[in-house]
Amino acid sequence: MRKIVLLIAITFLLNGCAPWVRTGGPYNATGENVSLDLPDGWMRLNTDDYFLITRDGVPLQSILVQCINVNDSLKHTKKKFRKGMLPLEASEVIMDNIASNDKVHDCQVKESKSAKVAGNPGFRIVFAYKTDDGLKMKGVVYGLMQGEWFYVLKFAAPQRHYFDRDLKTFEQVVASARLIKS
Amino acid sequence: MIRIIFALVLLASLSGCATTSLPPVTSKDFVFEEDEKRLWNRSEEEEQLIARSGMLYQDRELDAYLNGIARKLQPPEAYQRIPFQIHVLKNPYCNAFAYPNGQIYVHTGFLARMDNEAQLATLLAHEMTHATHRHQVREFRGMLNKSAMFASTRSLIGDLPGVGDLTTVLGEIGTKASISGHSRDLETEADMAGIDLVVKAGYDPREAPKLFQHLKDEMEEDDQKEPFFFASHPRLKERSENYDDYLKELGNRAGGVTNAETFRKKVAGVLIDNALMDFRAGRFPRTQRSAEKYLAIRPKDGRGYYLLGEIARQKGENGDLAKAKKLFQKSVAVDPSYPDAYKGLGLLYFKEGKKSQAEKAFRSYLAKAPRAADRSYIEDYLAQCK
């Protein structure tokens, strides 16, 4: 009986603590249907909905990769992606989702334009916002609509120091991205 | 054994209790307490954080209007003790809250829902009463007393085998649950003292219960169990009944001004800005209601029709696209200088394959908004129109 209780406790512990894994080199994110090259020395966290990587901690920089079905609800907006959306329309949905997060204040799109993502026509948005603490943040989102799936690669970091320092790494990650099954 | 523990717990809790019964700031017996000062200092820190965060809605005229109503509600002696200031927060949900030092925050979402100044006065009077009746320090003391009792309980029973861990598990949830009952009384006091102020200021108290209807509407639309404003408040029905009882007592004497027209003009900007927040969050029924309210005040502003058109375009159901087109055209007709309606039209024509019409609309958009953040897409679509 004691052994069973111990086993259950260990299982709970293992499930409860999401493991951070050190990154470096090619990575096949089968859940997100994306393969990409991740930078050396960053840490990766996989969740049910997305995976993200960071070097110094999520508040200081994060790169998030997610694949969203058109039937899935978004976290902060009731709007949904639709099959056949133009890149401009899809870009507005993803930005509405970001701007409707109650932790995001004064969100402004600085630039939004067409861009290739995983070799396909998508978009790239540069945006800025403030956190609850008044910290000025900057971010870049790449998005791609493929049939019933929307792929998003998002980078966010404090505007001061971290954004400029880690943007190049993010752009390299995006450039390496490929869809596993198209 | 249990009786001994119980007696010890009672003694320990009683010895550490501070009084939660304090007179209002307007009372002759008012003394600014030490813990109250600390609470005010802490409030100021939090207010500075709010100011830095970009959450504040910037509209000096609106701020002056709100503060003018607040001045009508409270007697000068209250202002001598508490420097009331009303602020607006960019948030589409119905909520408002007060700090003990008289800084009061009202969400744009609540202002957008209200119909007139009497309803606004009811809300402000309620929040101001929290400050004048020193609810935060009373609640804070109540919480400390309960925590003291809880700590005493823990220190006494924590050493008993097998019990200490249980109190740790109860922790926050148990303490919070015991506090919520206390808040209930204070909210009722704020309602009743607040409505007195509303009547004294000459506003129609029959508008007061309508605030609850707005909250109920929001709750139903969003499928919330309890709206924000009532997170720690007595339940909706109970509070609404408090007002009803008050009105019954007033009988035929109930009456006063609502200042609906002035209110509508002053909050017009909030209506459209809040509608945009609701629109981004995909709450289309609310966006539609606010945009229609806005158009009733400013029928020649293209933004209202544009938002209604965008709702239809993004819903994209039967007949919606034709409806969207008409609304965009209406927007262009009433305000030819407003760019976004041209973009909406361009996207509709583009998807219909009507390239020459799409091109014309897109070109108008770029001419009106040469620095548009999405210029690059439009240029791509223009290239595809050729």
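**Chain contact and packing**

Author: Chain B gives 15 residues to the contact and chain A gives 21 residues, two residues being in contact if their C-beta atoms, placed from the backbone, lie within 7 Å. This is a predicted model: local features need pLDDT of at least 70, side-chain atom pairs count only at pLDDT 80 or more, and totals for chains, interfaces and linings use all residues. Residues are numbered from 1 along each chain as its sequence is written, with chains lettered from A and ligands numbered from 1 in the order in which they are written.

Reader: Changing topic, what is the order of the open sheet in chain A?

Author: Its 8 strands run β1-β4-β5-β6-β10-β9-β8-β7, with antiparallel pairing; two strands pair if DSSP finds at least two bridges between them. The edge strands are β1 (20–22) and β7 (105–117) of chain A.

Reader: And over how many bridges do β6 and β10 of chain A pair?

Author: Strand β6 (residues 62–69) and strand β10 (residues 149–158) of chain A pair over 8 bridges, in the antiparallel sense. A:K154 in β10(A) is the bridge partner of A:L64.

Reader: Which strands does helix α2 of chain A touch?

Author: Helix α2 (residues 87–99) of chain A packs on the sheet and touches β7, β8 (120–130), β9 (136–146) and β10 of chain A.

Notes: Helix = DSSP H or I, 4+ residues; strand = E, 2+ residues; numbered from the N terminus. Axes fitted to C-alpha atoms, helices over the stretch in contact; angles between N-to-C directions.
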